[in-house]
Amino acid sequence: MNKLTPLTIAAFLLFAAEGSLPVNAQAKPAKKSSANATSAETGPVARGRYIVEGVARCERCHTPRKSDGELDIANRLMGSPVQMTPTYPGPQWALRAPRLAGRPPGTDEEFIRLLSTGISRTGRPPNPPMPHFRLTRDDAQAVLAYLKSLPR
């Protein structure tokens, strides 16, 4: 067994435990879109939904939680106190995640710049724990289209 194999197995198990990678996944060809599919199911809004919900998982920080700790889906992406605390105190730690549903903060161009360059509307990177994304412009526009499609 070579040295990389245990590391590869550990990484696979980590992703499988998180639910990001099915344990018994088999490669399947992508389904072709049917002629009856609407543009909302296949266009930028659908791509944005995939990125927000499946990849970035924005709801973990931007959705408030109920008293039992579960996400309050009725207020999905409406902003929330940040549940994580830093390992050591720092003045730049965000205490609240802003509302994203309906109208994300800033102008459209500022929001796209944040997602594509990691620079916020203040001209600086966002405060932790917000990751510094480097999405393509098309993906950032798709995320914005999806968020704007949600009720406020």
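**Reading a predicted fold**

Q: Where is Arg57 found, and between which elements does its loop run?
A: Arg57 is found in the loop between α3 and α4, where helices (H or I, at least four residues) and strands (E, at least two) are DSSP runs numbered from the N terminus. This is a predicted model, in which local features need pLDDT of at least 70 and side-chain atom pairs count only at pLDDT 80 or more, while totals for chains, interfaces and linings use all residues. Residues are numbered from 1 along each chain as its sequence is written, and side-chain values use heavy atoms, with hydrogens and water left out.

Q: What is the phi of Arg57, and which other residue has a positive phi although it is not a glycine?
A: Most residues other than glycine have a negative phi, and most peptide bonds are trans. Arg57 has a positive phi near 55 degrees, and Leu77, in the loop between α4 and β1 (80–81), has one of about 60 degrees. Arg57 counts as partly exposed because its relative accessibility is 26%, whereas Leu77, at 0%, counts as buried; buried means under 20% relative accessible area, exposed over 50%, and partly exposed in between (1.4 Å probe, protein chains only).

Q: Which residues does a cis peptide bond join?
A: The cis bond joins Pro128 and Pro129, with omega about 10 degrees, and Pro129 belongs to the loop between α5 and α6.

Q: Which residues of α5 are buried, and what do they pack against?
A: An α-helix has 3.6 residues a turn, so residues three or four places apart point the same way. In α5 (residues 108–117) the buried residues are Phe111, Ile112, Leu114 and Leu115. Viewed down the axis of α5, these buried residues fall within an arc of 155 degrees (taken from the directions from the helix axis to the C-beta atoms), so they line one face of the helix. They pack against α6 (137–149), and Gly118, which follows α5, has a positive phi near 85 degrees.

Q: Is His62 buried or exposed, and which residues does it touch?
A: His62, in helix α4 (residues 59–62), counts as buried because its relative accessibility is 9%. Leaving aside residues up to four places away in sequence, His62 touches Leu77, Met78, Gly79, Ser80, Ala97, Pro98, Leu100 and Met130, contact meaning heavy atoms within 4.5 Å. A polar atom of the His62 side chain lies 2.7 Å from the backbone oxygen of Pro98.

Q: How many residues line the largest pocket, and which lie nearest its centre?
A: Rolling a probe the size of a water molecule over the atoms shows where empty space is left. The largest pocket is lined by 39 residues, and those nearest its centre are His62, Pro98, Leu114, Pro126 and Met130. On a 1 Å grid over the protein atoms alone, a pocket is an open set of points where a 1.4 Å probe fits, with protein on both sides within 12 Å along at least five of seven lines, and lining residues have an atom within 4 Å of a point. Two or more lining residues come from each of α3 (44–56), α4, β2 (96–97), α5 and α6, and α3 gives the most, with 6 residues.

Q: Where does Ser149 lie, and how far apart in space are Ser149 and Arg103?
A: Ser149 lies in helix α6 and counts as partly exposed because its relative accessibility is 44%. Ser149 and Arg103 are 46 residues apart in sequence and 8.8 Å apart in space, C-alpha to C-alpha.

Note on methods
A polar contact is a pair of N or O atoms within 3.5 Å; within protein, one must be able to donate a hydrogen and the other to accept it, and residues adjacent in sequence count only if both atoms are side-chain atoms.
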